[in-house]
Amino acid sequence: FPSHDTVEAYVAAKRTDLADKEKAEGEVIAEYLPAQLSEEEIKKMIADAIAETGASGPAGMGSIMKVLSPKIAGKADGGVVSGLVKAALGQ
């Protein structure tokens with residue numbers, strides 16, 4: 001999936017032709033992907049998972065991700081979710 005960083009790199013290199021191509025590919029791919037969850041939706045899901053599992057601290061990360069993974073599959077970037085879980089667990 002084309003990244004925003006790639007497009008920015010092409011623009012910085014004054015290769016708008018490649019940037020435009022990358023954006024167009026991203027738009028086509030996005031049509032076939034499930035709707036992406038907002039950060040607020042993810043935070044709510046994390047809070048629910050923490051309440052469900054009673055997880056806390058770094059050791060709770062695995063429990064939270066186990067509950068969240070099936071719910072967010074294809075709907076959110078794993079790195080973003082992981083960062084939000086770490087923040088919620090106070091890491």
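1. Lys and Arg count here as positive and Asp and Glu as negative, with His and the chain ends not counted; the place of a charge is taken as NZ of Lys, CZ of Arg, CG of Asp or CD of Glu. On that basis the chain has 10 positive and 14 negative side chains, and the centres of the two sets are 5 Å apart.

2. The model is predicted: local features need pLDDT of at least 70 and side-chain atom pairs count only at pLDDT 80 or more, while totals for chains, interfaces and linings use all residues. Residues are numbered from 1 along each chain as its sequence is written, and side-chain values use heavy atoms, with hydrogens and water left out.

3. The chain holds five helices and zero strands, in the order α-α-α-α-α from the N terminus. Helices (H or I, at least four residues) and strands (E, at least two) are DSSP runs, numbered from the N terminus. The radius of gyration is 17 Å, well over the 12 Å that the globule rule gives for 91 residues, so the chain is more spread out than a compact globule. That radius is taken over C-alpha atoms, and the rule is 2.2 Å times the number of residues to the power 0.38. The C-alpha trace spans about 50 × 25 × 20 Å along its principal axes.

4. Of the 91 residues, 25% are buried. Buried means under 20% relative accessible area, exposed over 50%, and partly exposed in between (1.4 Å probe, protein chains only). Glutamate 22, in helix H2 (residues 16–32), has 16% relative accessibility and therefore counts as buried.

5. Helix H4 (residues 61–72) has twelve residues and should span 16 Å at 1.5 Å a residue; its end C-alpha atoms are 15 Å apart, which agrees. The expected span is 1.5 Å times one less than the number of residues. Met61, Ile64, Met65, Val67, Leu68 and Ile72 of H4 are buried. The cover over them includes helix H3 (39–53) and helix H5 (78–88). After H4 comes glycine 74, with a positive phi near 75°.

6. Leucine 37 sits in the loop between H2 and H3. Its relative accessibility is 22%, so leucine 37 counts as partly exposed. Beyond its neighbours within four places in sequence, leucine 37 is in contact (heavy atoms within 4.5 Å) with Ile42, Met45, Ile72, Lys75 and Ala76. Leucine 37 and aspartate 77 are 40 residues apart in sequence, with 9.2 Å between their C-alpha atoms.
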